[in-house]
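I opened the model to look up a few points about its sheet, its ligand shell and some backbone angles. My entries follow in the order I made them.

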Amino acid sequence: PVDRTPEIQEARLKLPILAEEQVVMEAINENPIVIICGETGSGKTTQVPQFLYEAGYASCIDSILGETFTIGITEPRRVAAVSMSQRVAKEMNLSHREVSYQIRYEGNVTDETKIKFMTDGVLLKEIQKDFLLSKYKVIIIDEAHERSMFTDILIGLLSRIVPLRHKKGLPLKLIIMSATLRVEDFTDNTRLFSVKPPVIQVDARQFPVTVHFNKKTPLDDYSGECFRKVCKIHRMLPAGGILVFLTGQAEVHSLCRRLRKAFPYQKNNSCCLCPPLNVLFSSFLSQALPKIDLNSYSVVPVDEGDEDRDIDSDDDAAGSDLDLDLGDGDSGEDEKSDSSLPLFVLPLYSLLAPEKQAKVFRSPPAGTRLCVVATNVAETSLTIPGIKYVVDCGKVKRRFYDRITGVSSFRVTWISQASADQRAGRAGRTEPGHCYRLYSSAVFMDFEKFSAPEITKRPVEDLILQMKALNIEKVINFPFPTPPPTEALAAAEELLIALGALKEPPTTGRLKEQLAAKLSCPISPLGRVMATFPVAPRYAKMLALSRQHDCLPYTITIVSAMTVRELFEEFDRPAVSEEEAAQLKGKRARFLQMQKVWAGQGPMQKLGDLMVMLGAVGACEYAGCTRSFCEENGLRYKAMLEIRRLRGQLTTAVNSVCADAGLYVDPKMKPPTEAQVTYLRQIVLAGLGDHLARRIQAEELLDDKWKNAYKTALLEDPVFIHPSSVLFKELPEFVVYQEIVETTKMYMKGVSAVEPE
Ligand code: ADP
Ligand code: MG
């Protein structure tokens, strides 16, 4: 029996899924595979694990040994795995020893864990160790609509594991949960599930959300448009939280700063919503459709004949009294600060520290209005309480990969219609809400309906290595919910063959046979070792080669640093004030100095950016990895903590492969010797061999666009060393790079000088 507090009980009863508990549990008891669809916020993630727990799915495996089954839930995002485990523990009044989480770097799983939230990648690793997942009686794949690569693969694998477990007489239940009803890729795919699984739809008591389109679509300054819209909402509309969707961390911070400046909130500010505002509200409420001139804004909702759209069609349009058009376009909004209307502004994005993320779940201080400025993470993974207004810029930042070359670029693009509707839905959780779309309905109609599954859009070498380690040789025959393009599969196999992770295919025979053989190479012993490391195959190869000359601690550190995003603070961001600009300049100067120190001397410098990473992590650990050390030296504290965890994890992984390595994480690691540097450079070349680039020499220079440029094997166009690299001025003849990112040019990042024979 679960002992919940009265407040939790009450909150639960409001969740739509609670009314469906019996239907859900009957379906699960009677079917091996069940799909549950329900709007974001309907209670899927927090409640279904509790239903299962109460129905005995975490019961004893063996009453004598006292071992228990675990209820496993996978999330595509780390944020969700951590915060949902915390929430469920709290709701059930259980400790984190029993409701736990595991993400790549960390976790709090114990022998007593009964409900385990994990990222999808973690479960994939577990399948390698125990294909039948015998610890689990039920697996929930959450957020399946996101179609993350690992989620897709898990569904494919589980479609085979479930029948195998059935044959063994130890049935495993699979529950797939999705925020949208678009599940045909799972249900109507007979290669995946020969028997169509039942789909349970949870009718969310979603309150109606009135959607307001902009008349015009701002060309590029959607951030400024968000600012103006939030100001208007805050000044004119009744209480209720605001959720703003922007595309990236820098934008989020800059909007937060602007809003805090416009509507400052001081901790001991006893001001509550001041009377004039309330008077304003009631005057709005008393009029059917207020026609108030808001600095020459158009007040009548006009949008090329398309009236405001009501998302929830079976409810009366709500609050038409609030249906005032907030206007489009620029008004020359004055940014005078107004402390009589405090706004409690919080950022939310995935790299934000968990304790800061958790703030959005608490009620804002009395007398303030909550305004969360978020990236896409707020779209489905997390439900923020009390949101009544959504401001949607309509964009998302995505990473695009070239299928063949792997060159990636970050681009801000329009979202899909499904995403836009998800975002709007965030406004109607507790009462009728409003969504302000900063684009016209015509633009919306041009959005793609759904975004394509991740697996069709990115390189798949890590995935293929994991699959080969599971002895899935003919990857092409795998029951993917949506298969990746054949070129992407071929490119992945080729890379893995080059790295020695797969056995070479025969080079004789007919071309067609050769090609077929190429797409079904078995894994090599080296590949098996590589697959045990939770990093990309190129880095895994580097680890696998580092036994000699005691290089492992260095390779582990370099690989950890390369794997973690954004080690260094961003100094190029636009500053909001002169003061900030000066501060950034000072920080940047200090960082450039440190970068030189970390890059070392003599032969070490040849390791380039990888040496900088090694030096930075070494220095940071030496100083105790404190927040203040990071802030002083331009390192991102959260990144450093992640690197520390990953070093620990990789050290454990290496020790378990070669028991005699006896490695430990040394916080006072000495710099590598000259001989070690030589080996490290060879190791780096072995791992990144396909990322080799050669500088165009003066005598070869035919076209100015090749000045200071490098030529790579796969690209026709010139590539350049990124200005942030320590080798930017050096321009060594041969380099390997960690990745190429395309911005104004194609830039290599994470560059080391090498000497290929
Ligand atoms: P779904 O998975 O269907 O999107 P969830 O189970 O995540 O829904 O959320 C159900 C409700 O629980 C939401 O309305 C949200 O307000 C509440 N909730 C979730 N996490 C927290 C939290 N950390 N603190 C407070 N409330 C939360
Ligand atoms: Mg959920």
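**Helices on the sheet**

I began with helix α3 (residues 44–54), which lies across β1 (33–38), β4, β6, β7 (136–141) and β8 (173–178) and runs at about 165° to β4. For contact I used C-beta atoms, placed from the backbone, within 7 Å of each other. Angles run from 0 to 180 degrees between N-to-C directions, with axes fitted to C-alpha atoms, for helices over the stretch in contact. Helices (H or I, at least four residues) and strands (E, at least two) are DSSP runs, numbered from the N terminus.

I noted that this is a predicted model, in which local features need pLDDT of at least 70, side-chain atom pairs count only at pLDDT 80 or more, and totals for chains, interfaces and linings use all residues. Residues are numbered from 1 along each chain as its sequence is written, and chains are lettered from A and ligands numbered from 1 in the order in which they are written.

Next I looked at helix α4 (residues 78–92), which lies across β4, β5 and β6 and runs at about 175° to β5.

**The sheet**

I read the strand order as β5-β6-β4-β7-β8-β1-β9, an open sheet of 7 strands with parallel pairing. Neighbouring strands are turned by 20° against each other on average, direction ignored. Strands count as paired if DSSP finds at least two bridges between them.

I then checked one pair: β4 (residues 70–75) and β6 (residues 115–119) are parallel over 5 bridges. In this pair Glu 75 stands opposite Thr 119 of β6.

**Ligand 1**

Which residues come nearest to ligand 1? I found Lys 44, Thr 45, Thr 46, Phe 361 and Thr 383, out of 16 around it (C-beta atom, placed from the backbone, within 6 Å). Two or more residues of the shell come from each of α3 and α4, and α3 gives the most, with 4 residues. I sorted the shell into 3 nonpolar, 10 polar and 3 charged residues. Here Ala, Val, Leu, Ile, Met, Phe, Trp, Tyr, Cys and Pro are nonpolar, Asp, Glu, Lys and Arg are charged, and the others, Gly among them, are polar.

**Positive phi**

I looked up Asn 471, which has a positive phi of about 65° although it is not a glycine. Asn 471 sits in the loop between α14 (461–469) and α15 (486–498). Asn 471 counts as exposed because it has 10 C-beta neighbours inside 10 Å. The cut-offs, with C-beta atoms placed from the backbone, are 20 or more others within 10 Å for buried, 12 or fewer for exposed, and partly exposed in between.

Key
Contact = placed C-beta atoms within 7 Å.
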